[in-house]
Every structure is written in structure tokens, then in C-alpha cells.
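Thanks for coming, everyone. I have one structure to walk through, and I will keep it short.

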Amino acid sequence: MTVETRLVQVRTQVLKQNDVVARELRTQFHEAGVCVVSLVSSPGSGKTKLLEETLSTLGASHQVAALVGDLATENDARRLSKTGVPVRQITTGTVCHLEAEMVRQALAGWDLETLDFLFIENVGNLVCPATYDLGEDLRVVLFSVTEGEDKPQKYPTVFNTADLALLTKLDLAEAVEFDRAAAYRSVESVRPGMPVLEVSAKSGVGMEQWVGRLRDRRRQLFPGQAVTRSEEKPATEAGTSASG
Amino acid sequence: MHELSIALSILGIAEEEAGRHGNPRVIAVQLKLGPLSGVVPEALLSAWELAREGSPLEGARLDIEVVPVTAICPQCKTEVVIASIQQLCCSACGTPTPGITGGRELEVTALEIEDDCRNPARSGADAGSQAE
């Protein structure tokens, strides 16, 4: 006897749970007036170094904090704490990416309303983080000049979900005969129109532009708010002298 | 390798749905997957084998329908199918297409379940609730 079967319609998003938490986080971030920036990249492309310099620079004029994701060790959090801003490590164990719930748990007890910026450094991985919304306002994908110009085409999904690409370790470009035009072509082919910034956290090249971009984003998100929650400095329209 | 956690989520959704229909034997779970979801079908199928082990859906297949990436072509002013996620451009005119309209799907769309013909009352009730 053959088994009779029938279909029942379902229509449920597999990532529903993560998406619900991410949406709640996004609302919470907006209500608190904090601009949330996540960083994704392969391991070793310079996320922590970039964050170190970003926290130091931006920390001089704004209230900033960071969450850092890794499979194991608290090394990154220890390293970043030296910048003097609040940092928490999320150790994922065997999980190769951050999920919205991990972010929510890591934020427990932090008063978001005191912050201007929150950075979330994802686990070094160019595949899995693409799938999970963390409630961030800006997703930044990093790739270093030492990784090969075609990285975007090798990992199109993560580049496609990002809002901004940072080309890092610019100080090494000449040594590795980095082909700038090829890298831009690769970005453009997987994410047409995505802005690209070139930086070297080591030499400082491009850092002012990067930090300026972050300030602009925050102003766009919260136009009515003061430039920073900390002691307000006279607003300079050019926005560049604030780093001095 | 996030496919195992994805497979476990699919399993959870399917079990919950099967529960609503009186826990029939599930033959297959149908999934719609877009290439920009970041999930690899082959890896997901392997993960599914592991995920379903020892669960009520032990024998259930996972049927994956890969849907195309689509975008609005700014030149042709129409929705076009993108041939490759390595090259997001209109397949007709070659214009870059930033406006993605499809291809991120990751959705359980249906369950194929064993129909219990010996219990017409229940089948009838299900058919009724299925109408909308």
C-alpha cells in the first residue's frame, strides 16, 4: 500500500528568533540614542587594531564602548580595555559568529543611554556572520591589502550585507604590490555603490576620514541630539578639529 | 559552519508545525533558500542528517528550493534575475544592480506529511484550516 501524503503550508522564517531579537535591539539602541557599528572580517585583517585606534580617537570626544566576539580567550577585551573605554568580551565557544541574543546578554547592566557609540567586533569569519542581524546601524566589512584583491568576490554574501568596506593595513600596500583598482572592481561587482575607505590603523592614514564617517552616521541617525553626551565642545561644522 | 544551528532551527519549526497537525509522520520539510542568505545547501543537507537524528523527524527529507537572486535594473527599469552573486549586474544590459529584491530567503514553506485516511474527520478539519 502506498502512503498518501499531503502538503501543509508553513511560511516561517528560519532566522525568525534572531530577527526578532535584532529588531528589539535596534529599537532599544535608537531609543537610547546610541549609534551601533559592527565590524566583520576574516581573522587577522586588523579589526582589533582598528578598534583600538578608533576607541582612542573617538573616545576623546565621545562616550564609546565595545563588545568583542571570539571563539576563545579574553585577549582582545584586555587589549582594548587599555584604551580606557568599557569593553566586554563575548566568548562563543564553538560558535563561529555572533547572534543577536549573545549581544543582548552581553549588554546586561550597561546603561546604553550614556553612550554615543557602541562597537561590536564579530568573530573573525567572512562566512557565517553574514546571516545574522545584530541590530546594528552600520555593518562594516574589513579586508586588508595582504589578503588578495578578490576577497569580495570570494565572500560575496558578507560584502553584500555590509554598508561600508574598509581596506586596512594600507601601510603594507606597496610591500605586497597591492592592486587598488582590482580591489575596487571586486567590491563593486558584489556590492555596487558600496563606499570604500582606505585606512592604516598603524600609520593613521585614513583614520580621520573613517572617524568622520562614524560621526556623520550618528548625526544622520540622531539629528536632534548633541554631538556627544560627554562635555559638549563647541560644534565645528567641518567635524575634523574635534579629534584634536 | 553555522549550518547545524540553521538545521536545528528548521527542525524546531517543523516539529512545532507538525504538532499543530496532530504529529503525523513528516515525509519532507520544504525550504526556500536564496544564495545571499549565506547558507550553503550542501552543508545544510549534511547538517540536517545530524540534526534530525533521534528526533521525531528522524526519517524526514529536507527539500531545498534554491531561488534566484533578483534585482531592479536601474537601466531597464524592471526586475531581472542575477546570474551570479560574484557579479551583481543586469543580465540583459550589464548595468550594476544595487537594488536587490530577492535572494536572501531562508524560509520553511511547507511540510509534506503522511495523510491519515483512516481518520477522515481530522483530515477534513485540517483541510478546512488549510484553506486560508
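This is a predicted model: local features need pLDDT of at least 70, side-chain atom pairs count only at pLDDT 80 or more; totals for chains, interfaces and linings use all residues.

Next, polar contacts. Between chain B and chain A, 17 residue pairs are in polar contact, both residues at pLDDT 80 or more. Which elements of chain B supply at least two residues each to the side that touches chain A? Helix H1 (3-20), strand S1 (26-33), strand S6 (106-114) and helix H3 (120-130) do. S6(B) gives the largest share, nine residues. By class, that side of chain B has 20 nonpolar, twelve polar and seven charged residues.

Now the totals. Chain B puts 39 residues into the contact, and chain A puts in 27 residues. The area buried between the two chains is about 3100 Å². Carbon and sulfur atoms give 55% of that area.

One residue on the chain A side deserves a stop: A:Thr157. You will find A:Thr157 in helix H6 of chain A, residues 156-161. Is A:Thr157 buried or exposed? Its relative accessible area is 12%, under the 20% limit, so A:Thr157 is buried. Look at what A:Thr157 touches, leaving out residues up to four places away in sequence. From chain B there are B:Pro35, B:Leu36, B:Ser37, B:Gly38 and B:Ile85. From chain A there is A:Ala130.

On to the cores. The largest nonpolar core has 29 residues. Which members touch the most other members? They are A:Val37, A:Leu55, A:Phe119, A:Val140 and A:Trp210. Several elements of chain A give two or more residues to this core. Among the strands are S2 (35-40), S3 (64-70) and S5 (117-121). Among the helices are H2 (47-59), H3 (75-81) and H8 (207-221).

Take A:Phe119. Beyond its neighbours within four places in sequence, A:Phe119 is in contact with residues including A:Val37, A:Leu51, A:Leu55, A:Leu67 and A:Leu214. As general background, nonpolar side chains in soluble globular proteins tend to be buried together.

B:Val26 sits in strand S1 of chain B. At 4% relative accessibility, B:Val26 counts as buried. Now compare sequence with space. B:Val26 and B:Ser37 are eleven residues apart in sequence, and their C-alpha atoms are 25 Å apart. B:Ser37 is also one of the residues that A:Thr157 touches.

Last, two backbone points. B:Asn23 has a positive phi of about 50°, and B:Asn23 is not a glycine. B:Asn23 lies in the loop between H1 and S1 of chain B. With 57% relative accessibility, B:Asn23 counts as exposed. On chain A, phi of A:Glu177 is near 50°, again a positive value in a residue other than glycine. Where is A:Glu177? A:Glu177 is in the loop between S7 and helix H7 (180-190) of chain A. A:Glu177 is exposed too, with a relative accessible area of 69%.

That is the tour.

Technical notes. Residues are numbered from 1 along each chain as its sequence is written. Chains are lettered from A and ligands numbered from 1 in the order in which they are written. Side-chain values use heavy atoms; hydrogens and water are left out. A nonpolar core is a set of buried Ala, Val, Leu, Ile, Met, Phe, Trp, Tyr and Cys residues joined through side-chain atoms within 4.5 Å. Buried means under 20% relative accessible area, exposed over 50%, partly exposed in between (1.4 Å probe, protein chains only). Helices (H or I, at least four residues) and strands (E, at least two) are DSSP runs, numbered from the N terminus. Contact means heavy atoms within 4.5 Å. Buried area is the accessible area (1.4 Å probe) that two parts lose on being put together, summed over both. A polar contact is a pair of N or O atoms within 3.5 Å; within protein, one must be able to donate a hydrogen and the other to accept it, and residues adjacent in sequence count only if both atoms are side-chain atoms. Ala, Val, Leu, Ile, Met, Phe, Trp, Tyr, Cys and Pro count as nonpolar, Asp, Glu, Lys and Arg as charged, and the others, Gly among them, as polar.
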